[in-house]
Amino acid sequence: MLGFLRPARGSQLEDLKALSLFADLSVRELKIVQGVLHEREYLAGEVIFDEGEQGNSLYIVRTGRVRICRKGRPDSPIAELGAGSFFGDLALLDSAPRAAQARALEASTLAVFFGSDFLALLETESKLSNKILLQLSRHLGRRLRGSVLGQRAEQHL
Amino acid sequence: MTDAGDTRSVEPAANRPGPVAWAGIFAATCLLLVALNHILWLVIPALMALVLSYMLEPPMRRLMYAGVGREGASAIVTSVFLVLLMAATLALLTWAGARAEDWQAGVERYLRGGAALLERTLAALEARWPAFARANLAASVTTWLSEYSNTFLERQVQPLAVSILAWLPAALLGPFFAFFFLRDGRRFHGFIARAVPNAYFEKTLALLHEMHQTGRSYFTGLVKLTVVDTLALGIGLWALGLPGAWLLALIAAVFAWVPYVGSIAGCLLVVLVAATDFPHDPAIAYWAIMLFILVRLLDDFVFMPATIGKNLRLHPLVSVLMLFVGGAVAGVPGLALVLPLLGVTMVVGAALSEILTDGRLWARHAYARRLRAAQDAADLA
């Protein structure tokens, strides 16, 4: 019942460090990020978010696989993401509705980065948030190049 | 590839609650006021702790930014605050104790001064308008005031003093609660979020954030408003030549935390001082009343919308109506609590209204439950 008093473990920090979004963070910065992330578990087939839904969080795949597809077209996926990938990143930048549906392909554990928490970090931890923004920008750049050059999206993750 | 293609910056959909939701919001606010009125011994320290945690959070974050852990940072800021509070309390008690007898004589002097101003004002009114003289206005008011003041001590002051003494130990819980709010608030936030099903998770995070922002905006706005009111009243009272203008302005600004009743009490205090210190110049007291009316108008139309009202987003009619309801339901505590409570119940009501009317969320949750049931029964067939 008092699980919220449980402190962060070292292995959790190592898992975070392995994620592309937090690759450049120091141990202290990882602890701060660890404090604001939420962990959720999804069953195979469970919808994570819907197309058109108001998005406010970025999701990071810790274990499992996630399919990104248009609503009503699950057989034509836009991308399939494995451990270490992240999606829903634009929710950190604006409040546009989700442009696609995300669904767990198998039992998955996702770390959730709430947009308002990231904005709070921008104010109080500018160095940390700049590092995250840099990784985010690189990811968006790769995605943009992929769209322009017409290559498959997962090759750029 | 995620959220690709649509790069428009779209404003969030206007999910304003409908009339049924508003009815629920008002009912919930009234019920909460009634309930909280019975546990004021807990509400007061909890509110103090909340305000303290909002004020101490920025220095705590500075310490965390410098590398201090959350536990250490919260302990440091709370300890420093407690030390400063104890020092200030000790200094105040020493100073006040040395002047206790002067104060008692001073209170009686100011009350006599106020009574004299009232008599002069009523006599002037009777002289100017004979209708008041025929109605014996001065005699009636003086008699009523005399009867009221004779029993004022037993009916108002003694119960108030007993309540304050009863609440004092609970008020000491404020810093204690504030420490834990600062240290464990984030973890408790995550604890609540973990209890929510996946389908409602993002909406719950948004709701918790909105609630936190509403409370923080209200109380930090209240502090800013107090500073602005103190400045406005202080400048005016200093210009009028009242002794202790800035102290009076500060006291009146703090009294104004209780809507309307507090402002009137503050004005009364200043009028008593003006009437006593300028017995031959009643115009000073009248100018002080005009000053309070002017600051009240500035509060309602300029200062409050720029501080508190900006984030509560309350319609002025709703604010006034709920103040009357709060006063009727829970007296003075109701007046003080109704607006922040309404702000929070509004946020919760809007979120609940959105969740309960979103069939897709219900469907996703039901589907997830079926998946879990199928998983749990996988090897039972």
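Which residues in H10(B) meet which residues in H11(B)?

1. **Ground rules.** You are looking at a predicted model, where local features need pLDDT of at least 70, side-chain atom pairs count only at pLDDT 80 or more, and totals for chains, interfaces and linings use all residues. Residues are numbered from 1 along each chain as its sequence is written, while chains are lettered from A and ligands numbered from 1 in the order in which they are written.

2. **Chain A at a glance.** Chain A has four helices and eight strands; helices (H or I, at least four residues) and strands (E, at least two) are DSSP runs, numbered from the N terminus. Along the sequence the order is α-α-β-β-β-β-β-β-β-β-α-α. Of the 157 residues in chain A, 38% are buried (20 or more other C-beta atoms within 10 Å of the residue's own; exposed is 12 or fewer, partly exposed in between; C-beta atoms are placed from the backbone).

3. **The cores.** A nonpolar core is a set of buried Ala, Val, Leu, Ile, Met, Phe, Trp, Tyr and Cys residues joined through C-beta atoms within 7 Å. The largest one has 59 residues, and A:Ile48, A:Tyr59 and A:Ile60 have the most contacts inside it. Helix H13 (residues 316-356) of chain B gives the most to this core, 13 residues. A second, separate core has 22 residues, among them B:Val270 and B:Leu291.

4. **H10 and H11 of chain B.** Here is the reply: B:Ser263, B:Cys267, B:Val270, B:Val271, B:Ala274 and B:Ala275 in H10(B) meet B:Ile284, B:Ala285, B:Ala288, B:Ile289, B:Phe292 and B:Arg296 in H11(B) (in contact means C-beta atoms, placed from the backbone, within 7 Å). By class, this contact has ten nonpolar, one polar and one charged residues (Ala, Val, Leu, Ile, Met, Phe, Trp, Tyr, Cys and Pro count as nonpolar, Asp, Glu, Lys and Arg as charged, the others, Gly among them, as polar). The axes of H10 (residues 261-277) and H11 (residues 283-306) come within 8 Å and cross at roughly 160° (axes are lines fitted to C-alpha atoms, for helices over the stretch in contact; angles run from 0 to 180 degrees between N-to-C directions). The two helices are therefore roughly antiparallel (over 145 degrees; under 35 is roughly parallel, 65 to 115 roughly perpendicular, the rest oblique).

5. **H8 and H9 of chain B.** H8 (residues 201-240) and H9 (residues 245-255) pack at about 140°, with axes 8 Å apart, and are therefore oblique to each other. Their contact residues divide into eleven nonpolar, three polar and one charged.

Terms used: Two residues are in contact if their C-beta atoms, placed from the backbone, lie within 7 Å.
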